[in-house]
Amino acid sequence: VVGDRSHAKQKMEELTWAGFDRQVQRLAKMAVGFRPEAVVGIAHGGVFVGGAVASALKAEFFPVRLTRRSRDSETRLPANVSDEMPRELAGKRVLVVDDICSSGDSLELASRLAKAAGATKVKTAALVNRPHGETPDYCALTTETFYVFPWDYQSVVEDERFEQQRASPKPGARKTRRGGGPVDGGAPGGGGARA
């Protein structure tokens, strides 16, 4: 099948929050000479990267969702995420940030929209850049390695289908302590419900 990469051997690496922080600091050091006054983070992953970069550079931060992308799992906008460029970008140097740059389409579209919103100068940044695609102005890693980011687990944790619900105790069931022993001092394992 043309384009099927399911059997392609590709290195995979999990990026921890500590590793993420190191790469964000690296990215911020690269962009410090640009002196961005505002950072735009492209949802989903670019919001995490952009927010951290904005904090490191002491710049205003604006999370923006441009279009629904295949790797986005949410169908509605998260709180504080706009679907258009904010007016506050007018007259400012703006850094547009995404988590991964492959084709460069998202960064290019966001750059055009930031300029249309009145940004005086726009540069782009990505945490990970694919070597055979468009290159942003700044990137922490250029690699084909497939990264699992810390926020990739977020939607599973926040998905209400995975919330643990406490089952109501059955009538007549004995209450138990956290360690499994009965609350009333009876013998452990004596038919009481287990927590």
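Predicted model: local features only at pLDDT ≥ 70, side-chain atom pairs only at ≥ 80, totals over all residues.
Looked up tryptophan 17 first: at 47% relative accessibility it counts as partly exposed. My cut-offs are buried under 20% relative accessible area, exposed over 50%, and partly exposed in between, with a 1.4 Å probe and protein chains only. Residues are numbered from 1 along each chain as its sequence is written, and side-chain values use heavy atoms, with hydrogens and water left out.

Next I checked tryptophan 151, which is buried at a relative accessible area of 2%. Phenylalanine 48 and tryptophan 151 have ring centres 4.9 Å apart and planes at 5 degrees, so I log the pair as stacked. The rule I used: rings of Phe, Tyr and Trp (its six-membered ring) pair if their centres lie within 6.5 Å; planes under 30 degrees apart are stacked, over 60 edge-to-face, the rest tilted. Phenylalanine 48 sits in helix H2 (residues 45–57) and tryptophan 151 in the loop between S7 and H4, so this pair ties together parts 103 residues apart in sequence. Helices (H or I, at least four residues) and strands (E, at least two) are DSSP runs, numbered from the N terminus. Phenylalanine 48 itself is partly exposed, at 25%.

Then I counted aromatic pairs and got 7. Tryptophan 17 with tryptophan 151 is a tilted one, 6.2 Å centre to centre and 55 degrees between the planes. Tryptophan 17 belongs to helix H1 (residues 17–31), so here the parts tied together are 134 residues apart in sequence. I also find Trp17, Phe20, Phe48, Tyr147, Phe149 and Trp151 in one aromatic cluster.

On to the fold. I get 4 helices and 7 strands, running β-α-β-α-β-β-α-β-β-β-α from the N terminus. An open sheet of 5 strands has the order S3-S2-S4-S5-S6, with parallel pairing (strands pair if DSSP finds at least two bridges between them). Strand S3 (60–64) and strand S6 (138–142) are at the edges with a single partner strand each, so one side of each has no neighbour in the sheet. The twist averages 20 degrees from one strand to the next; axes are lines fitted to C-alpha atoms, for helices over the stretch in contact, and angles run from 0 to 180 degrees between N-to-C directions.

I looked at S2 (residues 38–42) and S4 (residues 93–101) too: they pair in the parallel sense over 4 bridges, and alanine 38 stands opposite valine 94.
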